[in-house]
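Okay, everyone, let's get going.

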Amino acid sequence: MDSETMIRPRGLPLLLLTILLASIDPAKNTSNVLRPFKSVEFSDANMRQCLWFAMEEYNKESKDEYIFLSSQILQAQLQLTDRMEYMIETEVARTNCTKPYSNNEICVIQENTNLEKKMNCIFLVGALPWNGDFLMLMKDCSEI
Ligand SMILES: *[C@@H]1O[C@H](CO)[C@@H](O)[C@H](O)[C@H]1NC(C)=O
């Protein structure tokens, strides 16, 4: 089994992903692609920062009273335009921490309780990490 099949067991079919990426708001995505999407390591520091940003946005927008965290990264790719564009597919799960989030709390994923809730999300984050500049270009989540 090559690494591609290992990280995509529950991933979206590539065709669906292509359609999703093609539906990105063109006004936000007029820049030229200098290097098309290519897989990056799940340990990639810039990708991690983008995921952190995406989860912050996710929690800001969600009406849920609990914080959700990324529980398992399924796929991560980088495209270069005039910025870095990370496409991150991840499972996100409800934790036992309520909003607002404070950094000194220990948040544990709700499992085997009636509060258990998991979503599959694809985030496309545009970033100039060295400027601390992050922008959500696309977010698509569905319940698992
Ligand atoms: C969440 O659960 C863990 C483990 O039971 C506990 O240590 C932690 O304090 C809980 N967090 C909150 C905010 O209740």
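This is a predicted model: local features need pLDDT of at least 70, side-chain atom pairs count only at pLDDT 80 or more; totals for chains, interfaces and linings use all residues.

When I say contact, I mean heavy atoms within 4.5 Å. With that in hand: of the contacts in the protein between residues at least 6 apart in sequence, 65% join residues at least 24 apart.

Residues are numbered from 1 along each chain as its sequence is written, and side-chain values use heavy atoms, with hydrogens and water left out.

So, the fold. We have three helices and five strands; these are DSSP runs numbered from the N terminus, H or I of at least four residues for helices and E of at least two for strands. Reading from the N terminus, the order is α-α-β-α-β-β-β-β.

On to burial. Buried means under 20% relative accessible area, exposed over 50%, and partly exposed in between, with a 1.4 Å probe and protein chains only. Of the 144 residues, 42% are buried. The accessible surface is about 8500 Å², and carbon and sulfur atoms hold 53% of that; the areas come from the Shrake-Rupley method with a 1.4 Å probe, and for residues only the protein chains shown count as cover.

Cysteines next. How many disulfides does the structure hold? Two, a disulfide being a pair of cysteine sulfur atoms within 2.5 Å. One is formed by C97 and C107, with the sulfurs 2.1 Å apart. C97 sits in strand β3 (residues 84–98) and C107 in the loop between β3 and β4 (118–128), so the bond ties together parts 10 residues apart in sequence. Its S-S torsion is about -100°, so this disulfide is left-handed. Both C97 and C107 are buried.

The other joins C121 to C141, again with 2.1 Å from S to S. Here C121 is in strand β4 and C141 in strand β5 (residues 133–143), so this pair links parts 20 residues apart in sequence. The C121 and C141 link is right-handed, with 115° about the S-S bond. C121 is buried at 0% relative accessible area, but C141 is partly exposed at 25%. Number the bonded cysteines in sequence order and the pairing reads 1-2, 3-4.

Now the inside. A nonpolar core is a set of buried Ala, Val, Leu, Ile, Met, Phe, Trp, Tyr and Cys residues joined through side-chain atoms within 4.5 Å. The largest one has 23 residues, and Y58, Y86, F123 and V125 have the most contacts inside it. Two or more residues each come from α3 (45–61), β2 (66–80), β3, β4 and β5, and α3 gives the most, seven residues. Look at Y86: leaving aside neighbours within four places in sequence, its contacts include M47, C50, L78, F123 and V125. C50, by the way, is buried, at 0% relative accessible area.

Last stop, the pocket. On a 1 Å grid over the protein atoms alone, a pocket is an open set of points where a 1.4 Å probe fits, with protein on both sides within 12 Å along at least five of seven lines; lining residues have an atom within 4 Å of a point. The largest pocket has a volume of about 400 Å³, a volume being the space filled by probe spheres set on the points, which are joined across faces, edges and corners. It has 17 lining residues, with W52, M55, E56, L69 and Y101 closest to the centre. The largest share of that lining, seven residues, comes from β2.
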